[in-house]
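Student: Hi! Could you walk me through this protein with me looking at it on screen?
Tutor: Happy to, let's bring it up.

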Amino acid sequence: MISRRHVLTYLAATAAVSRFAPRELLAQSITQKYGKADLIVRSVRPPDFETPTALLRTFITPNNAFYVRSHMPIPQIDAAAFALKVAGEVGSPLTLSVDEIKKLPAVTVTVTLECAGNGRGFFEPAVAGIQWEKGAVSTARFTGARLSDILKKAGVKTSGLNVEMHAADRPPGTMPAFVRQVPMAKAMHPDTIVAYAMNGEPIPLVHGAPLRAIIPGWEGAYAVKWLNALNVLPKDSGSFWVATGYRYPTYRVAPGAAVDAKDMAPLTGLVVKSLVTTPASRQTVPVGK
């Protein structure tokens, strides 16, 4: 005989499954779609996947284990028609196809990319944003053309102080388009590239195919995915993501305190960090060597 308590328990369990299973199934299908089945889902739309620290045990992170950070939905890309436009403070504005970029001298750089918010999940008090723990960081070998070669081909002028980088992804609603900026000195550095390959393979779509900016040593948001335009400026960009986003106070303030724009500086390089990948956090291991 089934008691009323058993029926209520069954109904509660069924409700829980119906409430949570669809999201879990969606997360599973999304990670499988992008070959990221072993990663931790922090956001489904847009996809933000964290690499478990146990998968960071090798110097080079395999593509299927490389973390994913997306500000906006992944765009639909026609690789055959995709092109990179170069305009602004240049003598000869250009539109270069992916094949034309591949004809430029190729270089390979080994770069660790880390989201500026890596570790945000541990902040006290809590801070809004993707609640990364330790795995919004990975290392890969990127191959592409030097950004300096592209700018020189366009005849960059001495009046150009910054290079604004635009992407093919499109913001929902009133969200501002994702735009980043690098100063000319960083743009012309020989290790700064427009990449089309990652760990010896074409860059996967989720990582920015067919073209991605790689800005070594600087936080990951500078590595603009689906890069489709460079705009050389004689001043700072007025984009939200440059003028307001990814900036920090130049002096210590209370959490949540308002800070005047003149007292903010753009986040560029990140300090060196280290983490233990084995044994795992809270794992119990026997005494021994």
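Student: Which element gives the largest share of the lining of the largest pocket?
Tutor: That is strand 13, with three residues in the lining. Keep in mind that this is a predicted model.

Student: Okay, and what volume does the largest pocket have?
Tutor: Its volume is about 1000 Å³. The lining holds 34 residues, and the closest to the centre are Arg 120, Phe 123, Val 127, Ala 128 and Arg 247. Besides strand 13 (247-249), helix 5 (240-243) also gives two or more residues.

Student: How many nonpolar, polar and charged residues are in that lining?
Tutor: You'll find 20 nonpolar residues there, along with seven polar and seven charged ones.

Student: What about the second largest pocket, what lines it?
Tutor: It has 23 lining residues, and Thr 112, Glu 114, Val 137, Lys 273 and Ser 274 lie nearest its centre. Strand 6 gives the most, three residues. By class, the lining has eight nonpolar, 10 polar and five charged residues. The volume of this pocket is about 540 Å³.

Student: New topic! In what order do the strands of the five-stranded sheet run?
Tutor: The order is 4-3-12-7-8, in an open sheet with mixed pairing. Strand 4 (94-97) and strand 8 (179-183) are the edges, each pairing on one side only.

Student: Do strands 3 and 4 pair in the parallel or antiparallel sense?
Tutor: Antiparallel, over four bridges, with strand 3 covering residues 83-88. To spot one, look at Ala 83, whose bridge partner in strand 4 is Ser 97.

Note on methods: Residues are numbered from 1 along each chain as its sequence is written. This is a predicted model: local features need pLDDT of at least 70, side-chain atom pairs count only at pLDDT 80 or more; totals for chains, interfaces and linings use all residues. Side-chain values use heavy atoms; hydrogens and water are left out. Two strands pair if DSSP finds at least two bridges between them. On a 1 Å grid over the protein atoms alone, a cavity is a set of points where a 1.4 Å probe fits but cannot get out, and a pocket is an open set with protein on both sides within 12 Å along at least five of seven lines; lining residues have an atom within 4 Å of a point. Grid points are joined across faces, edges and corners, and a volume is the space filled by probe spheres set on the points. Ala, Val, Leu, Ile, Met, Phe, Trp, Tyr, Cys and Pro count as nonpolar, Asp, Glu, Lys and Arg as charged, and the others, Gly among them, as polar.
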